Amino acid sequence: MKARKPITKLGRHAAAIGLLLSISAPLAVLAQTLAYADESYLQYVNIMQGTDSTHEFSHGNTLPLVGTPWGMTDWTLQTKGDLNEHWFFSPKDLKLIGFRATHQPSPWMGDYGNFLILPQTGQFNADFKSRGTDCDLSTGIFKPDYLKVDFSAQKIITEVTASERCGCFRFDFGNSKNGRVLIDSRAPAQVEFSGRSVRGFSKAKMPKGSVCYFVGTFDRDMTAAKSYGDDSGKSGSGGYAEFDTDTNRMVELRIATSYISYDQAELNLQRETQSGFEGVRAATARLWEENLRRIEIEASEAQKKTFYTCLYRALKFPHRFFEISSNGAAIHFSPFDGKIHAGVEYVDSGLWDTFRTQYPLYTVVYPQQLGEIVAGWLNAYKENGRLPQWPSPGDRAAMIGTHTDAMIADAVVKGINGFDPQTAYEAIRNDAFGGSRDARQGMKEYLTLGYIPIGKSRHYVSAGLDYAYDDWCVAQVSKLLGKAEDYATLIKRAENYKSQWDSTVGFMRGKDEKGNWESPFDEYLWSAAYVEGGPWQDSWAVQQDVVGLAALMGGQKEFAAKLDQLFSRPPTFHSEKRTPIHEMTEIVPLQMGQCALNNQPSFHIPYLYAAIGQPWKTEYWTRFACQNLFNDGIKGYPGDEDNGSVSSWYVLSAMGIYSLTPGHPSFVLTSPLFPKTTIHLENGKQFVINAPENTLETVYVQNRSLNGKPDRNLAIAYSDLMNGGIMDVILGKTSQETTHKPSELPYSLSLEYK
């Protein structure tokens, strides 16, 4: 299949919609249908994947999101709670209290700038607890570009589609003579009606000075309208519009969001929804098709559903936080300094989660998009004084390390365009040399002692390991840019992980400022020293120097034996808290021992075998995880999906490549899940991975060739991927336990000096 040329630069965000505005909506729908009649990738996507989750146990903690890739606002269903509820949807609920405009990246972070829309007949009822409408979700249609549900009791059919910043609704009120549309905004808020229009705002959970504005227009005059709520704004506010549906049962609403102003929201509405419901849906469907078909797989129907649903999830975050002005330029309201700036901004990404998998995936499949995201982080750096760790939409105090450094370093060393490398280095150097205020807690002690003493930061053992890795990442850019003095300092710090290794217990361990080890020690305790894990999960966080870590354990043979123990130990965990956190209980059904692949600290652990020359064990465990821990259903994930990070782990691993060390231009190889995978690169080339003997049993790589030449390397250079080519992989049922030379191993800092 010939690769399609991607839409480029700022205009690409509205290009598909703009194209459709030049022709009639029916012709636009026809054009979209004809373009993809041969092969629709959207048919494989189930936006309900991972939605059957609770606070206590996660199968994804996802939402069924309708919107564009990286869109500013998504639209979903709310089945419980009020506008302050974080776990507001379950696919098992039988009541619906509204369609929600959402920006929520995770229930753990919560939503902001959200509001609800609900069609209603009969007696007016705005109370969240009692207004729930009977709705059988099993009969609905749920796609990335389209949602349709039937309110069985009130006999209302609602359809939803969306553009980047807008939503389009069609309400079929059936046989009711009067129809009503409620809009509720989260406190402090305002909702007003005039003519055919509605507008409102919400400041709730927004940084100081930030506002989410929305404006909408109905396709006909209202017969009545009323605003309601507490004038103080403390309890939120809302309103409703009523319509005569006796002879015309259908009511349409187009509604836009903006973080800049009502006028900008009006501009977004005109630009993105002028083609009407079907035109918007066609444009959004086309955007999804273009992005999903970047990766083409030959696989079973079940495998395609899992793969493309995970790819959909990998493209939902981060959210665009910028808009297009009247003169076509990107502008944004900064949640960091409260001012309007030129350029792009991105939010809603936990970099601790996503630097490991999502952004390395983008370097191969969506490099232009990645360049724009980095440009957004750099704008945030200029406005915030430091790079964001968890922007949602302002910088939130969550997780540890400064892994935006790793993500940006990975982009720089791979030659991603779209941002200034010098500004990028200034920003990541700021983190490494202590100019980022509280971004790195315990930095003073880390610089003087080489580790973070007990209590000097949150999760002091894990944080110290993260700092060493982030320093290594910054060092790679300093080397590339000729900053010799910085490089010498940072590359030395990259070995600080050694100061936290306690050979007497065989794990990374906390110690005080005098060097005394924290006692007592429990290898199964998920304590404050570690982050979302314990010694078995977090002691391996030395992605920059796996061979060096192996040396601490006595050598590569001993290292492999320790990994074998990790995978064979029972999933025992001990908790300092009375109630275990959900990441603990989720490791039990994985059947991977102490490898908690439901969570980010364990993502790279199966690939450590390949890093020390035992790739057959990597092949076994990555295949096991891909085949057993993922599906496209409501329990489709082994844990929190976390902004595309878990989905991207699956997408990369299923293709047979993985970025063990973001910041180094290479990918570790494993057993591909499919007989054939074709990556349609943005440069017009293709990279093809052929594994024709691929079955559930043929797990192990027998031999591999690259562009017709035998290849024993256990990693592939990024440049080889991007130059296009063919990798042929012969698979079999038995492992090939051969010895690999150091030059054939993936990157390790210790090997760099040999």
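Which residues do ring pairs link into a cluster? Select Tyr 41, Tyr 44, Phe 307, Tyr 308, Phe 630, Tyr 637, Trp 649, Tyr 650 and Phe 674, and you have that cluster on screen. Here rings of Phe, Tyr and Trp (its six-membered ring) pair if their centres lie within 6.5 Å; planes under 30 degrees apart count as stacked, over 60 as edge-to-face and the rest as tilted.

Before moving on, note that this is a predicted model, where local features need pLDDT of at least 70 and side-chain atom pairs count only at pLDDT 80 or more, while totals for chains, interfaces and linings use all residues. Residues are numbered from 1 along each chain as its sequence is written, and side-chain values use heavy atoms, with hydrogens and water left out.

**Stop 1: helix α20**

Select residues 645-655, which make up helix α20. Helices (H or I, at least four residues) and strands (E, at least two) are DSSP runs, numbered from the N terminus. In α20, 11 of 11 residues are buried, meaning under 20% relative accessible area with a 1.4 Å probe and protein chains only (exposed is over 50%, partly exposed in between). Among them are Trp 649 and Tyr 650, two names you met in the ring cluster. Step just past the helix to Gly 656, where phi is positive at about 95 degrees.

**Stop 2**

The whole structure holds 41 aromatic pairs. Tyr 213 belongs to strand β13 and Tyr 262 to helix α3, 49 residues apart. Both of these tyrosines are buried.

Now pick Trp 472 and Tyr 747, with ring centres 5.4 Å apart and planes at 45 degrees, so the pair is tilted. Trp 472 lies in helix α12 and Tyr 747 in the loop between β34 and α22, so the pair ties together parts that are 275 residues apart in sequence. Trp 472 and Tyr 747 are buried too.

**Stop 3: a lysine over two rings**

Show Lys 511 with Tyr 451 and Trp 517. The charged end of Lys 511 sits over the ring of Tyr 451, 4.5 Å from its centre, and Lys 511 also lies over the face of Trp 517, at 4.9 Å from the ring centre. A charge sits over a ring if NZ of Lys or CZ of Arg is within 6 Å of the ring centre and within 35 degrees of the ring normal.

**Stop 4**

Strands pair if DSSP finds at least two bridges between them. β19 joins β20 in the antiparallel sense through 2 bridges, with Ile 324 partnering Ala 330. The hairpin they form has 5 residues between the strands, and Gly 328 in the turn has a positive phi of about 85 degrees.

On to β21, which is antiparallel to β20 over 3 bridges. Look for Phe 333 opposite Ile 340. This hairpin has 6 residues between its strands, and Gly 338 takes a positive phi near 75 degrees.

**Stop 5: strands β27, β28 and β33**

Finish with an open, antiparallel sheet of 3 strands in the order β27-β28-β33. Its edge strands are β27 (657-658) and β33 (715-717). Between β28 and β33 there are 3 bridges, and Val 668 stands opposite Ala 715.
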